Amino acid sequence: MKWWNEYKRQWDITTDLDGGINKVGGDGATLKNRQFGFLLDSGLKPSDKFLDIGCGCLRGTIKVLDYLNEGNFYGIDIAKGLTDLIPEQMSRENVKKKPKIKVNSDFRIKKYFPKVKFDCISAYSLVTHLYPEDTERLFKGVSEALKDDGVFYFTYFPVANDIDSFIPGRFEYSKKWIIEAGEKNGLSLEDITMNPFNKGPDYQQLIIAKKIKI
Ligand SMILES: C[S@@+](CC[C@H](N)C(=O)[O-])C[C@H]1O[C@@H](n2cnc3c(N)ncnc32)[C@H](O)[C@@H]1O
């Protein structure tokens, strides 16, 4: 809990400094195509209920909004300064899709979208900013909000030394920590070898998680 205000402060400052969109990290145009291409290849359907956690200004997932049926796109972000930029990004067709965006930071997804269970949840470049207690909260919130056969994709920075479980400042995690934290919070990590995102200088690893069947 203590970090959230700091996150919020950081993201709000970042947003104020540069109108947000160019300060989120990475190359927006590439991310837009990469995230959409990956989700499409992974079987995302227009009828799926989709949630983007850490959606920012929809820089990475505006194409997903284009693709989904009306009412199926949901987003959460900590920074109002970023979500306020969403209307600027949207075409008239996008507006008709009626995306539902909430500003909050505690990953209590069920509380914010109580009537929805998601087929697909994505958190691109979010764990790369989270401390372990918040990553665990994220996993718990996701496992509560996913359909039984739903799927969760997220990225993280792996530790370079293979010894530490978490390196503050760099926000790097060991694979072991990530797997155990997922399991503790109701998620099994299905495939951690496939990674369409790790080419070039961006070394985020992609994890595919499903709900543990009880
Ligand atoms: C590096 S950006 C990635 C944005 C977007 N996913 C993309 O690929 O363009 C990280 C995003 O996570 C959001 N964020 C950070 N901490 C958060 C939290 N606790 N809850 C919700 N969003 C958070 C930030 O405001 C920011 O939009």
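Helix H8 covers residues 132-145, 14 residues in total. From its first C-alpha to its last it reaches 20 Å, close to the 20 Å expected at 1.5 Å a residue. The expected span is 1.5 Å times one less than the number of residues. Helices (H or I, at least four residues) and strands (E, at least two) are DSSP runs, numbered from the N terminus. The model is predicted: local features need pLDDT of at least 70, side-chain atom pairs count only at pLDDT 80 or more, and totals for chains, interfaces and linings use all residues. Residues are numbered from 1 along each chain as its sequence is written.

The buried residues of H8 include Leu-138, Phe-139 and Val-142. A residue is buried if 20 or more other C-beta atoms lie within 10 Å of its own, exposed if 12 or fewer, and partly exposed in between; C-beta atoms are placed from the backbone.

Strand E2 (residues 73-77) is largely enclosed by the rest of the structure, because 5 of its 5 residues are buried. Phe-73, Gly-75 and Asp-77 point one way from E2, and Tyr-74 and Ile-76 the other way. Strand E1 (residues 50-53) pairs with E2 in the parallel sense over 4 bridges. Pairing requires at least two DSSP bridges between the strands. Phe-50 has Phe-73 of E2 as its bridge partner. E2 and E3 also run parallel, joined by 4 bridges. Here Gly-75 is partnered by Ile-101 of E3.

Lys-98 lies in the loop between helix H6 (92-96) and strand E3 (100-103). Lys-98 is exposed, because 11 other C-beta atoms lie within 10 Å.
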